Amino acid sequence: MNLKEHHIYSQVHKFIVFCITFSLLTLNPFPATLISEPTKDDRPVTQSPKIFSRTPLFDLAIDLKARMTDFSGWEMPVQFGGIGQEHQAVRSTAGIFDISHMGKFALTGKDVLSQIQRLVPSDLSRLQLGQAQYTVLLNPQGGIVDDLIFYYQGLDADANQRWMIIVNAATTLKDKSWMLENMDMGAIAFTDYSPSKVLIAVQGPEAVRHLQPFVNADLSLVKPFGHLEAAVLGEPAFLARTGYTGEDGFEVMLDPAVGVSLWRSLITSGVTPCGLGARDTLRLEAAMALYGQDINDTTTPLEAGLGWVVHLDTKGDFIGRSVLEQQKRDGVAKKLVGLQMQGRNIARHDYPILHEGQPVGIVTSGTLSPTLGQAIALGYVPTPLAQPGQPVEVEIRGKSYSAIVVKRPFYRAKK
């Protein structure tokens, strides 16, 4: 992760934490403006206006009075009616997110599988038609280039393998370059759908009930991490039973005009529009890693608690394999853990984690959990301190506050 990406993630996350805290305490949306009082040292500064990218659903968010924010160069809704309200809607009924800013790639060719196997530690040969794998791209040091999902779509009429890949918005260009540099593209067609497709996430225990009337296939037959191609509002679409909230739901990729119609139809049916603020609190309760904060190109999947995506025994060579083999053999020096604060003080990104008064680690993400009503966080600590029940402290504005290592996730959806 470069310094620019780190700054973007850090600033957006701090803003989201402030929003959720304010929202929970006041039960009102974030105020329309926040203007600091000028000081005698302030000087007028002339700056060129920043040009943001916008998704095809931008105007719909504006119509719903969404509060917008800069996310990796995209002008995206951070909240609509309030982060707490949106969070609760996804946990209890259904919410809808515009995630069209994410990267969307398609790979087609006779030998795609052998090429992508080199990029990840997961054995993608195990996937059958309609199955998907969450995994990570690795650099030679075993660090995580990005986390992403591979979807196997079977063979086309010419016996070419078809794969869909969804990557993070902030790393779309980096991921694309990394893949093109590390695959033999002579026999592979690489299509970047990022600028031309809408991606909508419908999440929550009632997500399928709301989405089903607009789809010509039985969504109840699709298992978690399953996917299919079907008609949505009579037009071709790609649907996957995946998400970033810890709840059931689907992510739907389709053409912009149909995406606009689907968004409007779902809002009319009673689905709650949600922004990046609720998406962050939901994923943190589910202990899902955020790239650029909880994982980056200096952390390995074994350090990040992602050992379940590492299949050393069933696949051949891949980038970073030797590092993971050594860590598997010798153990890792640090681990990503869940932290529960013993009070309502929030452990924010980059706050020091202490043990017996000495710095031993760093907080990567933190918030006040709307579901649990407790301050929770993720952070890295030395392996000997990573067991649930281990007491630690977090330094917050120069003072130490008690926390305890707990099992992840903090929240698990009812089945």
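## Two packed helices

Helix α3 (residues 83-92) packs against helix α8 (residues 276-285) at an angle of about 50°, and their axes lie 8 Å apart. That angle makes α3 oblique to α8. Angles under 35 degrees count as roughly parallel, over 145 as roughly antiparallel, 65 to 115 as roughly perpendicular, and the rest as oblique. Axes are lines fitted to C-alpha atoms, for helices over the stretch in contact, and angles run from 0 to 180 degrees between N-to-C directions. Helices (H or I, at least four residues) and strands (E, at least two) are DSSP runs, numbered from the N terminus.

Ile83, Glu86, His87, Val90 and Arg91 in α3 meet Gly277, Ala278, Thr281, Leu282 and Glu285 in α8. Contact means heavy atoms within 4.5 Å.

## About the model

This is a predicted model: local features need pLDDT of at least 70, side-chain atom pairs count only at pLDDT 80 or more, and totals for chains, interfaces and linings use all residues. Residues are numbered from 1 along each chain as its sequence is written, and side-chain values use heavy atoms, with hydrogens and water left out.

## One cavity

The structure holds one cavity of 30 Å³ or more. The largest cavity has a volume of about 40 Å³. On a 1 Å grid over the protein atoms alone, a cavity is a set of points where a 1.4 Å probe fits but cannot get out; lining residues have an atom within 4 Å of a point. Points are joined across faces, edges and corners, and a volume is the space filled by probe spheres set on them.

Tyr151, Ile166, Leu199, Phe238, Ala240, Glu251 and Met253 line the largest cavity. Strands β11 (235-240) and β12 (249-254) each give two or more residues to this lining.

## Backbone exceptions

Most residues other than glycine have a negative phi, and most peptide bonds are trans. Lys65 is not a glycine, yet has a positive phi of about 65°. Lys65 sits in the loop between α2 (58-63) and β1 (67-71).

The peptide bond from Arg408 to Pro409 is cis, with omega near -5°. Pro409 lies in the segment after β19 (399-406).

How values were computed: 1 Å grid on protein atoms, 1.4 Å probe; cavity = no way out; pocket = protein on both sides within 12 Å on 5 of 7 lines; lining within 4 Å.
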